[in-house]
Amino acid sequence: MPTTTRRRYRHDTPPPRTGSSETEILRGFLDYLRTSIAAKVDSAPEPQVRTSAVPSGTNLLGLLNHLTVVERSMFLGDKVTDWQATFQAAPTDSVADLVARYRDTVERANKVLDKCTDLGAPVPRSQPGRPAPTVRWALTHMIEETGRHAGHADILRELIDGTTGR
């Protein structure tokens, strides 16, 4: 729980104005959500950023770690054997470390997506024995996944220090 009731408001960033193509819209909204969640975690105080104020144990740093792993799995082909473990950051990871790792992963994922011109084609990743989803499905799933956890992050950050807004 926050130790102070003083609220820190950020100005909300409105949804993006994208181009009119389906690809521009999907990628624009995904990048908007990616930026939002990184900003929500960036500068969050230790140790509250890794402790939970909810019964599920969800914490702000764990959410960003999870989203980093999801991006790596979806677009870079990393194999994940224990999804639940991705919701915890390593004790040695700082806020700055994880935010930088997430942003680097997003940049690498975007380089893969830059080469994808057909939304109906499979995501170009190498996971033998496992069919890749279409680019359209992957983008839609990442919008849903990132948006869901960005909402969790909004609540957790407000509980930590009263900071609200996108």
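How many positive and negative side chains does the protein chain have, and how far apart do the centres of the two sets lie? I looked this up first. There are 22 positive and 20 negative side chains, and the two centres lie 1 Å apart. Lys and Arg count as positive, Asp and Glu as negative; His and the chain ends are not counted. I placed each charge at NZ of Lys, CZ of Arg, CG of Asp or CD of Glu.

A note on the source. This is a predicted model, where local features need pLDDT of at least 70 and side-chain atom pairs count only at pLDDT 80 or more, while totals for chains, interfaces and linings use all residues. Residues are numbered from 1 along each chain, and side-chain values use heavy atoms, without hydrogens and water.

Next, the fold. I found four helices and two strands (DSSP runs: H or I, at least four residues, for helices; E, at least two, for strands; numbered from the N terminus). Along the sequence they follow the pattern β-α-α-α-α-β.

Then I turned to helix H1. H1 covers residues 22-41 and has 20 residues. It reaches 29 Å from first C-alpha to last, close to the expected 28 Å (1.5 Å times one less than its number of residues). Buried residues in H1 include Leu-26, Leu-30, Leu-33 and Ile-37 (buried means under 20% relative accessible area, with a 1.4 Å probe and protein chains only). Their cover includes helices H2, H3 and H4 and strand E2. After H1 comes Ser-43, with a positive phi near 75°.

Last, the whole chain. Buried residues make up 40% of its 166 residues. The C-alpha trace spans about 50 × 35 × 25 Å along its principal axes.

Definitions and conventions: Buried < 20%, exposed > 50% of the residue type's maximum accessible area, 1.4 Å probe, protein only. Contact = heavy atoms within 4.5 Å.
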